[in-house]
Amino acid sequence: MAEGSPSPVVVVGVDGSDQSLVALRWAADYTRATGATLRAVTAWHCPTTYGIAPDWTDMDFVAEAADQLKASLAQALGDSPGIPLETSVVEGQSAPVLLDAAREADLLVVGSHGHGRFAGMLMGSVSTHCVEHAPCPVVVVRGNAKGAATGDSRPQT
């Protein structure tokens, strides 16, 4: 990297799932090894409903998403990650939010699947969409979900 040039940026999608914690830990290790800045991104949106709409006036979706991101960072990286770290909580569907964040990134990191219904799939809809449409290279991390809680984020073989 040339002196005076900005450091590379690695964007990682975080939704609080075990797989996103594994991706977050992988992205932090990569960032540490390359001198990049890690940007952890969480997307949120108001749930869709059918019929009579619930009263969401007492819900603070932004604060809830920010708390989830903070908890995920603490669980995966500890209190002092030792890397340049930025966080972003953005309203919208996960895939478009991550693709937008990746416009200024050198690498996008996502877990193989998040909180979707089909946890047994090799890749979820968000990771698939990111692989197909990202403006930068994408790493899909498929790791040991149980290891996310213990610090073992080695990829499965």
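Residues are numbered from 1 along each chain as its sequence is written, and side-chain values use heavy atoms, with hydrogens and water left out. Because the model is predicted, local features need pLDDT of at least 70 and side-chain atom pairs count only at pLDDT 80 or more, while totals for chains, interfaces and linings use all residues.

Start with the aromatic rings. A pair of aromatic rings is described by the distance of the centres and the angle of the planes. Rings of Phe, Tyr and Trp (its six-membered ring) pair if their centres lie within 6.5 Å; planes under 30 degrees apart count as stacked, over 60 as edge-to-face and the rest as tilted. Searching the whole structure gives 2 aromatic pairs.

One is Trp26 with Tyr30, a stacked pair with 5.4 Å between centres and 10 degrees between planes. Both residues sit in helix α1, 4 residues apart, so about one helical turn separates them. Helices (H or I, at least four residues) and strands (E, at least two) are DSSP runs, numbered from the N terminus. Trp26 is partly exposed because its relative accessibility is 24%. Tyr30, at 34%, is also partly exposed. The cut-offs are these: buried means under 20% relative accessible area, exposed over 50%, partly exposed in between (1.4 Å probe, protein chains only).

Trp44 and Phe61 form a stacked pair too, at 5.9 Å centre to centre and 5 degrees between the planes. This pair links distant parts of the chain. Trp44 belongs to strand β2 (residues 37-44) and Phe61 to helix α2 (residues 61-77), 17 residues apart. Trp44 is buried, at 14% relative accessibility. Phe61 is buried as well, with a relative accessible area of 14%.

Now the loop between β1 (9-13) and α1 (18-34). Ser17 lies here. Its relative accessibility is 6%, so Ser17 counts as buried. The Ser17 side chain makes a polar contact of 2.6 Å with the side chain of Asp15. Such a contact is a pair of N or O atoms within 3.5 Å; within protein, one must be able to donate a hydrogen and the other to accept it, and residues adjacent in sequence count only if both atoms are side-chain atoms.

Last, a helix pair. Helix α3 (residues 94-102) packs against helix α4 (residues 125-133) at about 35 degrees, with the axes 9 Å apart. Axes are lines fitted to C-alpha atoms, for helices over the stretch in contact, and angles run from 0 to 180 degrees between N-to-C directions. Ser94, Ala95, Leu98 and Leu99 of α3 meet Val126, His129, Cys130 and His133 of α4, where contact means heavy atoms within 4.5 Å.
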